[in-house]
Amino acid sequence: MADSVFVIRQRTGVLGALTSRKWWELVFLRIATYIILINVCFVFLFPVIYMFSTSLKTVADLADLTVLWIPRTFFWRNYELAISGMLYWQAARNSIIISLGSGILQTVACSFVAYGFARIPFPGRDILFLLVLFTFLVPPQTIIVPLFILYRNLGFMDTYFPFLIPALFGHGLRGALFILVFRQFFRNLPYELEDAARIDGAGPFSVYWRIMLPLATPAIIVVFLFSLVWHWNDFFEPTIYLFDQNNFTLPLRLSILSAALLQMLAGQGAGDEFNEAVIMAASFLVIMPPLIIYLFTQRYFVESVDRTGLVE
Amino acid sequence: MQFEDNFFWVAVLTGLAFVVPACILSIRVILSAVGVRLTYKFQRAMDGYFYISTWIVGFLIFLAWPLFQSLYVSFHNVKITSSELKLTFIGWENYAEPFLEDIHFLPLFTKTVANLLSDLPIILVFSLFVSILVVQEMPGRGIFRMLLFMPVVIGSAIVIRRLFGEGVSTEAIGVSVQTLSEVVFTYLQGTIADWVLDLVNRVTLVLWRTGVQILIFVAGLHSVPITMREAAKTDGASGWQIFWRITLPMLSPVILVNVVYTIVDSFTDPFNEVLTYIQTVGLTRDFRLGYAAALGWMYFASIFLFMALALLISSRFVFYAGER
């Protein structure tokens, strides 16, 4: 029985509708699928390719209409300029602290809270969970001024704590969404595991930490990666909480890049070195770290999505 | 970064995140040590509060209190002096202003809503379509999936937004807007033509916002039980019928999730024109904090209404397989 189901699954795929067709219909459908998917993927890849190709162009290549995709010479000087103009390593360090720190804190805190919502019946649970969803709806701009005042009074301006402390409480950038993901995941796990652990004398914390969290690896991967890249790309909140340019994250550095470079190059009389290609090089440098992380983790990521039961 | 000034508060807040759950845990320990017999139900309830207490504390500090403050401020006129904020009570004036005086807010708001309404079907249909293609077993599926989820990773980046701002997006679909606009204007009336052109201009940007939705649909498609489709097939249903009668109804909760996500995502997107405007009014241009707070609250209320509407409408169409 199990074997035959497996065979059917193999033959039909997830949609289970293709088997009764003639072979040429199948071939035709397959080709159409590939054409559509390649087109869609091209739309998604285009900006990245465009960015990379432009970033290697010289001034002459930029103006030359015959140079469309591949520059005549790979002009790496653009990258040197971008790195020095953005103070890349310093800004990258700031970005890493914020996104890695908030990512870890959010993953732990949200899974902890979500476990309570998912598995334990207590009075008021449904109303409180509605509150969680409610926090997801609040646009950050509505509460930014009181938060700004709060953080200023606490002395958190120009530090990373406005990002880290809310994450510690399971809030922060889209914390509610992460709680939701973890809750859906925990809800599908068997109850026997916890029961056994409790009978063996595990307290509430060890049930979570030693039984449930290790089981939640797919959800952890999804949430951690999301949290990481969303904090990395975040632009709005850093503009509010960070003033000192030494504390700027990469997106903030990118936004002041042209001014910084013009100032830097003014003394050297090399103003025309600064152009769109440098901006593109800088942009590419900003999105590169998340892209690389994604390239390495995408296999787990895609698998996790299948197994998280993100929906239900 | 200096630590001296803020170390105290960092310690207090971090401590709070741990102390509050610890207190709840210790209540149980103390009660049972004293000899009070605790019912199982009470113990479980305490466990539940143990887990979520951190979140509740955070909710009060980082959400409820700021929300209350901004509600309070929205009824006041705020003057910023060198040392403090001066509040004078003006009642509902801030709430009346966008309808009576402000010429910018309402057009921006209606435009945002109109964009959302036109984008929502595109996003949903497109992401459902693509995810159906990509859940099939075929060579190269992994690569396609990787590329399709990529907007999740870099789509929110300011970099990408800026690229689209420069018109790279329309190049990508290979539509020459120039010729298109001529065609469109010949056959359609002015306002409709504007709308169509605007849509074409935004299409790639819209597609770039489908990463999470595709992901949710893929996960959802995997959770539709294969046995049902097999049963339908045995009864002689065609692929088309299976899709409309089995897959789509089974998928309807997921569609609802995607509708909700799309609405929230586009309403709270920091590059959203309404939000940028609120920010300009409140934080940069003329520091009218009271007015900005009132705008923020009205905007928030309208999101809430939209959500309620979406849930209300959807409750008629969503089918939960587990329910009897």
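Student: Is the crossing of helix 5 of chain A and helix 8 of chain A left-handed or right-handed?
Tutor: A crossing counts as left-handed if the near helix is turned anticlockwise from the far one by less than a right angle, and as right-handed if clockwise; in this predicted model, the crossing of helix 5 of chain A and helix 8 of chain A is left-handed. Local features here need pLDDT of at least 70, side-chain atom pairs count only at pLDDT 80 or more, and totals for chains, interfaces and linings use all residues. Residues are numbered from 1 along each chain as its sequence is written, while chains are lettered from A and ligands numbered from 1 in the order in which they are written.

Student: At what angle do the axes of helix 5 and helix 8 of chain A cross?
Tutor: Axes are lines fitted to C-alpha atoms, for helices over the stretch in contact, with angles from 0 to 180 degrees between N-to-C directions, and helices are DSSP runs (H or I, at least four residues), strands being E runs of at least two, numbered from the N terminus. The axes of helix 5 (residues 88-119) and helix 8 (residues 161-168) of chain A come within 8 Å and cross at roughly 10°. That makes helix 5 of chain A roughly parallel to helix 8 of chain A, a term for angles under 35 degrees.

Student: Which residues of helix 5 of chain A meet helix 8 of chain A?
Tutor: Two residues are in contact if their C-beta atoms, placed from the backbone, lie within 7 Å. From helix 5 of chain A, Ile98(A), Gly101(A), Ser102(A), Leu105(A), Gln106(A) and Ala109(A) meet Phe163(A), Leu164(A), Ala167(A) and Leu168(A) of helix 8 of chain A.

Student: How many helices does chain B have?
Tutor: Chain B has 14 helices, together with two strands.

Methods: Angles under 35 degrees count as roughly parallel, over 145 as roughly antiparallel, 65 to 115 as roughly perpendicular and the rest as oblique.
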